[in-house]
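This report covers a pocket, a few strands and some charged pairs. Keep the sequence and the model open while reading.

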Amino acid sequence: MKVRYYTSVTQVEQLSPEEKEKLKRVEERFRFRANSYYLGLINWSDPDDPIRKIIIPEEDELEEWGSLDASSERSYTVAKGLQHKYPDTALFLVNDVCGGFCRFCFRKRLFINVGAEVIRDITPQLDYIRSHKEITNVLLTGGDPLLLSTEKLEKIIGSLREIDHVHIIRIGSKIPAFNPYRIIDDPELLRMIRKYSTKEKKIYVMTQFNHSKELTEEAIEAVNLLKDAGAVLCNQTPLLRGINDSPETLGELLDRLSFVGVTPYYVFQNRPVSGNRKFAVPIEKGYEIFTKAISNLSGVAKRVRYVMSHRTGKIEIAALTKNFIVFKYHRAHDEENRRKVMVYRRNPNALWFDDYTELIEECTV
């Protein structure tokens with residue numbers, strides 16, 4: 001199927017002239033990109049349609065809040081386009097375009113400053129990975145790696161497969177949701193995955209389905225083609241106000257993912273990124289939504305964790321009592337934080353870890 005891409009709200013026929021005019025200011029600050037397949041999932045008669053909220057700009061994005069690098073990715077950049085935050089994992093920015101621009105994207109700085117963090121010559125990154133034998137996982141992300149041609153993507157993956165100590169290659173992609181025909185209509189992509197996802201060294205595709213409406217017949221077909229080619233699939237999504245912030249909606253998403261063989265991996269606390277305030281759910285409310293959502297799911301579906309990608313590491317929201325909230329480091333950059341558990345006095349207005357100020361107790365377990 002031929003999928004058409006759009007780079008301006010003026011190209012979206014379903015928006016009125018008045019809406020297009022109002023959204024010009026938003027588009028000037030945060031770029032717009034969508035495609036005909038994904039726009040076709042929207043119920044345009046419903047102003048609260050979750051797909052619409054994911055992809056169509058709103059004036060609320062102009063509210064001043066947060067920063068463009070809320071997780072301080074710059075501080076872990078070891079070469080242009082390469083981050084090394086955790087000993088065993090390198091994050092490789094291979095593209096600065098996506099199948100669509102999610103309005104809540106935490107890396108929208110890439111689309112504002114095109115080319116600033118993504119480089120076409122990957123030699124320095126490969127040299128760094130080759131010289132750091134502790135790196136067993138490489139995450140290809142961006143932007144979306146599956147927006148690269150299969151030929152370009154294979155050059156990157158083939159080069160990584162020549163490095164003996166790289167066992168897992170991850171592809172972070174929303175393409176199965178944004179445009180599953182990229183997968184369905186490209187047998188060469190599936191051949192490439194079949195070649196490099198071996199018995200002992202797998203390719204993981206880290207999908208981003210944010211709402212069950214994205215799990216269409218076409219998306220499920222794409223998921224199964226990737227699985228049949230030997231990829232392992234896991235899903236991660238932020239918790240998003242107005243999109244998936246009810247136990248029923250989130251639970252249905254996690255359940256359906258498990259039914260089609262995509263492991264629910266992370267539910268993220270929405271990062272304090274510029275333009276994202278409208279999507280933020282308070283942490284304690286988010287934890288209640290999350291725990292209710294997984295309470296009646298199978299053990300397969302409830303392997304998911306509720307975490308924050310903080311500048312210091314991935315912090316799991318682990319428990320909530322009448323007066324306290326419990327955090328623990330799921331992953332940490334600094335050795336001293338690994339295995340650390342922290343108990344803070346509750347703050348119902350907190351949107352990020354830094355909003356907690358009253359530390360009651362901490363220990364390393």
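## Loops, pocket and salt bridges

Ser72 sits in the loop between helix 3 (50-55) and strand 3. The model is predicted. Phi of Ser72 is positive, near 55 degrees, although the residue is not glycine. Most residues other than glycine have a negative phi. Ser72 counts as partly exposed because its relative accessibility is 22%.

Arg339 also has a positive phi, near 75 degrees. Its place is the loop between strand 13 and strand 14 (340-345). Arg339 is exposed, with a relative accessible area of 51%. That value counts as exposed because the cut-off is over 50%.

**Strand 4 and its neighbours**

Strand 3 (residues 77-79) runs antiparallel to strand 4, and two bridges pair them. Thr77 has Gln83 of strand 4 as its bridge partner. Two residues lie between the strands in this hairpin, and Gly81 takes a positive phi near 85 degrees there.

On to strand 5. Strand 4 and strand 5 are antiparallel and share three bridges. Gln83 is opposite Leu91 in strand 5. A hairpin of two residues connects strand 4 to strand 5. How many of the residues of strand 4 are buried? Five of five are, and the strand is mostly covered.

**The largest pocket**

The largest pocket has a volume of about 1000 Å³. It is lined by 48 residues, and Phe106, Arg107, Leu139, Gln236 and Arg271 are the closest to its centre. Elements that give two or more residues to the lining include strand 4 (82-86), strand 5 (89-93), strand 6 (137-141) and strand 7 (168-173). Strand 8 (203-207), strand 9 (232-239), strand 10 (263-269) and strand 13 (324-332) are also among them. By type, the lining has 18 nonpolar, 20 polar and 10 charged residues.

**Helix 1**

Helix 1 (residues 17-29) bends by about 40 degrees at Leu23. Leu23 is buried, as are Lys20, Val26 and Glu27 of this helix.

**Salt bridges**

Side chains of opposite charge can pair when their charged atoms come close. The whole structure holds 26 salt bridges.

| Pair | Closest N to O distance |
|---|---|
| Glu19 and Arg52 | 3.0 Å |
| Lys201 and Asp164 | 3.5 Å |

Glu19 and Arg52 form a salt bridge. The pair links distant parts of the chain, with Glu19 in helix 1 and Arg52 in helix 3, 33 residues apart. Glu19 is partly exposed, at 25% relative accessibility. Arg52 is buried, at a relative accessible area of 14%.

Lys201 and Asp164 make another salt bridge. Lys201 is in the loop between helix 9 (187-196) and strand 8, and Asp164 is in the loop between helix 6 (150-161) and strand 7, so the pair ties together parts 37 residues apart in sequence. Is Lys201 buried or exposed? Lys201 is buried, with a relative accessible area of 16%. Asp164, by contrast, is exposed, with a relative accessible area of 61%.

Glu358 lies in the loop between strand 14 and strand 15 (359-364), and Arg345 in strand 14, 13 residues apart. Glu358 is partly exposed, with a relative accessible area of 40%. Arg345 is partly exposed too, at 34%.

A network of salt bridges links Asp69, Glu73, Arg107, Arg109 and Glu117.

Key: Residues are numbered from 1 along each chain as its sequence is written. This is a predicted model: local features need pLDDT of at least 70, side-chain atom pairs count only at pLDDT 80 or more; totals for chains, interfaces and linings use all residues. Side-chain values use heavy atoms; hydrogens and water are left out. On a 1 Å grid over the protein atoms alone, a cavity is a set of points where a 1.4 Å probe fits but cannot get out, and a pocket is an open set with protein on both sides within 12 Å along at least five of seven lines; lining residues have an atom within 4 Å of a point. Grid points are joined across faces, edges and corners, and a volume is the space filled by probe spheres set on the points. Helices (H or I, at least four residues) and strands (E, at least two) are DSSP runs, numbered from the N terminus. Ala, Val, Leu, Ile, Met, Phe, Trp, Tyr, Cys and Pro count as nonpolar, Asp, Glu, Lys and Arg as charged, and the others, Gly among them, as polar. Buried means under 20% relative accessible area, exposed over 50%, partly exposed in between (1.4 Å probe, protein chains only). Two strands pair if DSSP finds at least two bridges between them. The bend at a residue is the angle between axes fitted to the seven residues ending there and the seven starting there. A salt bridge is a side-chain nitrogen of Lys or Arg within 4 Å of a carboxyl oxygen of Asp or Glu.
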